[in-house]
Amino acid sequence: MNQIIKGAELESAVPANVFVETVTEVTHFTDRLFRFKISRPTSFRFRSGEFVMIGLMIDGKPLFRAYSIASPSWDEELEFFSIKVPDGPLTQHLQKIKEGDHILLKKKSTGTLVLDALSPAKRLYMFSSGTGIAPFASLIRDPETYEKFEEVILTHTTREISELRYGEELVADITNDPLIGEVAAGKLHLYNSVTRERFKREGRITHLIESGKLFDDLSVPPLDVAEDRAMICGSMHMIADTKTLLEQRGFTEGANNHPGDFVVERAFVG
């Protein structure tokens, strides 16, 4: 059936621990990627980098998936960046939303990609692939990130050049943002690469790290646990390989209750 419940029927069917929020904007970047924004409940609090469960009411039952919040903690709206999966239980419906539609939002956020989980250092790397850039879209728009680190390097690897657009527009907008632009100036660097097309930077981020190209291109020293911290979000293989690479260089994983040298997000959308 896959019938999506809307309107008054939706309001009456929603569980007590769930907000019903309105879609305020939808942008389709490619046939695989889109961004959407929803209204933010006045009582909803989160730390930049966290994720939350969002969903739709389908066939009378709420269906939720974990999505990183792409907007910073101070924003009046909540932004999400999503893949489109033709047969995905949730995304096959979510990709069809329009302004004015309603999204279910659970009331509690969580996650490990937060600044509190990292010990102090000079430079912060944010390693992402695909829609794994979403939590970093939140963090690079948070002034606290630049208060804690002298330099912030966001890496974004996708299969095709067109899939880099979200990150490129995001960083360009930050430059002109009245709240964060001046703070981020000279500190934020975007380093993107693709794996399936000819591009000025080709290959997985682990290959670019191991070859030294990442550091040569940015004119920074190789990874050093004394000066660098890292966050990782992307596909399971990308996370595992990047985590191994960091551990081989002496980095230890951190958590909310025990800050370390790097953190990993393990929540996935589908």
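Is E202 buried, exposed or partly exposed? E202 is partly exposed, with a relative accessible area of 33%, where buried means under 20%, exposed over 50% and partly exposed in between (1.4 Å probe, protein chains only). This is a predicted model, in which local features need pLDDT of at least 70 and side-chain atom pairs count only at pLDDT 80 or more, while totals for chains, interfaces and linings use all residues. Residues are numbered from 1 along each chain as its sequence is written, and side-chain values use heavy atoms, with hydrogens and water left out.

**Surroundings of E202**
- E202 sits in the loop between β9 (188–194) and α7 (205–211), with helices (H or I, at least four residues) and strands (E, at least two) taken as DSSP runs numbered from the N terminus.
- Leaving aside residues up to four places away in sequence, E202 touches V194, E197 and L208, a contact being heavy atoms within 4.5 Å.
- The C-alpha atoms of E202 and N192 are separated by 8.7 Å, and these residues are 10 residues apart along the chain.

**Nonpolar core**
- The largest nonpolar core has 33 residues, and M126, F136, I140, L188 and M231 are those with the most contacts inside it; such a core is a set of buried Ala, Val, Leu, Ile, Met, Phe, Trp, Tyr and Cys residues joined through side-chain atoms within 4.5 Å.
- Among the elements that give two or more residues to this core are β5 (77–83), β7 (123–129) and α3 (134–139).
- Not counting residues up to four places away in sequence, F136 touches residues including L113, M126, L154 and M231.
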